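Keep the viewer open as you read.

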Amino acid sequence: MDREVQNWFQEHHEGVEELAKRIFEHPELSGEEEYACSEIAAYLRKYGFETETYPVAPAKVHNGLTAKWGSGYPVIAVLGEYDALPGLGQKASPKREPLDGPGHGCGHNLMGAGCAAGAVAAKQAMEAKQLSGTIRYYGCPAEEGLAGKVQMLKMGCFADVDLCIAWHTGGPFRVCEHICQSMISTEFHFYGITAHAACAPQEGRSALDAAQLMNVGVEFLREHIEENVRIHYVFGAAGERPNVVPAHAAVKYYIRSWNRESVDRVFDRVCDIARGAALMSGTTVTYKIISGGYEPILNFTLNAALYESMQKVPDIVYDENDYRFAEELYQNYNGQEAPETLDMAGREHIMGKCGLLPTHLCKPLGHGWMESGSTDVNDVSQVIPTVQLFGGGVMGVGGHSWGVTASSGSAAGRKAAVQAGKYIAQFCIDVLENREVVEQSKEELWQIRKGKPEYSPILATDGEIPLRTGEDK
């Protein structure tokens with residue numbers, strides 16, 4: 001491990017953990033991350049970074065951050081996140097102790113702090129070694145809605161970046177080789193006519209009926225689309241009282257598949273179902289795009305470089321308190337004692353045998369494998385060579401749950417933030433000392449994209465778009 005990186009973390013790991021703890025204690029929903037953004041900006045300024053904060057649409061508050069140090073080629077971007085999830089407020093306790101409001105049920109408090117620490121440690125090592133180049137930290141809001149990085153690409157934030165590195169919590173530490181899903185987030189609005197539901201129902205046209213018909217149609221659609229497509233929905237509006245025929249109803253959909261082309265095809269069919277539901281119910285329908293994202297482009301040049309760097313860093317170390325916390329959390333979450341080895345659902349060849357807090361570094365497979373879920377890191381990878389590492393946190397609790405929130409507030413979680421920072425800093429230094437990796441990664445991305453349609457981001461629509469029915473479709 002690079003001596004300068006090692007020394008920096010020995011002296012400053014407590015500050016990294018304190019930053020992660022502060023963000024955990026002030027969870028903010030996507031688009032509202034003003035506190036986390038300002039805290040990380042202040043942290044980076046303390047270590048000599050120039051910082052700029054700004055609103056990332058559609059937010060009005062300053063929730064985006066660019067922090068830079070150094071100059072010239074190459075420009076290495078470290079991507080941090082810090083948004084929380086609704087309804088997942090929870091104390092940093094292995095018992096179910098809910099708190100009102102959002103919570104860090106995906107570990108983004110750790111990611112924001114750990115990635116910032118990686119950028120600072122890389123900067124310190126660059127100074128000591130007199131290495132030229134630029135380190136940038138990007139505070140990226142609204143990852144949970146796939147909006148932040150897509151908007152930041154549109155804003156030109158990454159225009160001169162040569163390569164990116166990101167980290168996400170979960171499982172043993174490893175280089176990311178999974179291919180997660182492209183996704184579109186959309187909302188359909190039905191408009192009908194109110195009436196007294198008992199005295200004059202014939203005069204009403206129920207928007208709620210239309211929304212329910214649409215959902216039934218989508219359920220039947222599932223039989224006739226690719227098995228890898230995932231469609232999930234919730235009602236955004238469904239009327240106020242049973243004795244009033246609802247004049248407005250809204251239903252929100254996520255549509256996911258392995259690539260953008262498949263998502264677009266399914267979305268078109270869902271729109272046809274919405275038209276049919278409106279026609280059957282005598283209502284009108286509009287839709288709007290909230291956000292969306294592509295599938296990733298894995299860069300195996302950077303994957304190999306990252307794994308080589310990670311091998312230089314000593315494995316993470318937990319203490320008895322960490323293991324005790326993990327065991328209590330697992331038991332309280334699952335209602336049973338933790339097994340010595342977790343069921344890896346057929347992924348032992350990827351992650352090895354794992355307990356609740358694995359400490360080993362996984363060897364990459366050298367090829368991609370499919371995984372459900374989506375992230376806006378994918379969009380960055382479509383235009384800039386990008387690499388990502390995964391790891392850290394208590395295993396055996398479901399994602400986007402109070403269990404993950406508890407883990408994200410724990411001492412073990414904060415140790416994972418420090419460990420990830422070490423990996424990131426080591427990677428940055430290795431790239432700066434072996435710069436041909438940068439151009440090789442760009443060539444790999446160019447070869448993959450050659451002949452494919454130009455990247456076209458899925459952006460939020462400005463207002464609602466009518467979906468016409470009948471002869472005027």
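**From one bridge to the whole chain**

In β14, L467 is the bridge partner of V285. Before going on, a word on the source: this is a predicted model, in which local features need pLDDT of at least 70 and side-chain atom pairs count only at pLDDT 80 or more, while totals for chains, interfaces and linings use all residues. Residues are numbered from 1 along each chain as its sequence is written, and side-chain values use heavy atoms, with hydrogens and water left out.

Back to that bridge. Strand β11 (residues 284-293) pairs with β14 in the antiparallel sense over 3 bridges. Strands of a sheet pair through backbone hydrogen bonds, either parallel or antiparallel.

Now zoom out to the sheet around it. It's an open sheet of 5 strands, in the order β9-β10-β8-β11-β14, with antiparallel pairing. β9 (230-237) and β14 (465-467) stand at the edges with a single partner strand each, so one side of each has no neighbour in the sheet. From one strand to the next, the twist averages 30 degrees. Helix α5 (residues 207-221) lies across β8 (182-191), β9 and β10 (248-257), running at about 20 degrees to β10. For angles like this one, axes are lines fitted to C-alpha atoms (for helices, over the stretch in contact), and the angle runs from 0 to 180 degrees between N-to-C directions.

There's another open sheet to find, this one of 7 strands with mixed pairing, in the order β1-β2-β4-β3-β5-β13-β6. Its edge strands are β1 (50-54) and β6 (174-175), each pairing on one side only. β1 pairs with strand β2 (residues 64-71) in the antiparallel sense over 5 bridges, and in β2 the bridge partner of Y54 is G64. Helix α4 (residues 148-155) lies across β1, β2, β3 (75-81) and β4 (133-140), at about 130 degrees to β4. Helix α12 (residues 411-432) lies across β3, β4, β5 (163-168) and β13 (386-390), at about 165 degrees to β5.

Next, the helix pairs. The axes of α1 (residues 3-25) and α3 (residues 108-129) come within 9 Å and cross at roughly 155 degrees. That makes α1 and α3 roughly antiparallel (angles over 145 degrees count as roughly antiparallel, under 35 as roughly parallel, 65 to 115 as roughly perpendicular and the rest as oblique). In α1, residues including W8, F9 and F24 take part in the contact with α3, where contact means heavy atoms within 4.5 Å. By class, the α1 and α3 contact has 15 nonpolar, 3 polar and 1 charged residues.

What does α3 do with α2 (residues 34-46)? They pack at an angle of about 15 degrees, with their axes 10 Å apart, and are therefore roughly parallel. Here I40, Y43 and L44 in α2 meet G112, A113, A116, A117 and V120 in α3.

Finally, step back to the chain, which has 13 helices and 14 strands. Its C-alpha trace spans about 80 × 55 × 40 Å along its principal axes.

How values were computed:
Helix = DSSP H or I, 4+ residues; strand = E, 2+ residues; numbered from the N terminus. Nonpolar A, V, L, I, M, F, W, Y, C, P; charged D, E, K, R; others polar. Pairing = 2+ DSSP bridges.
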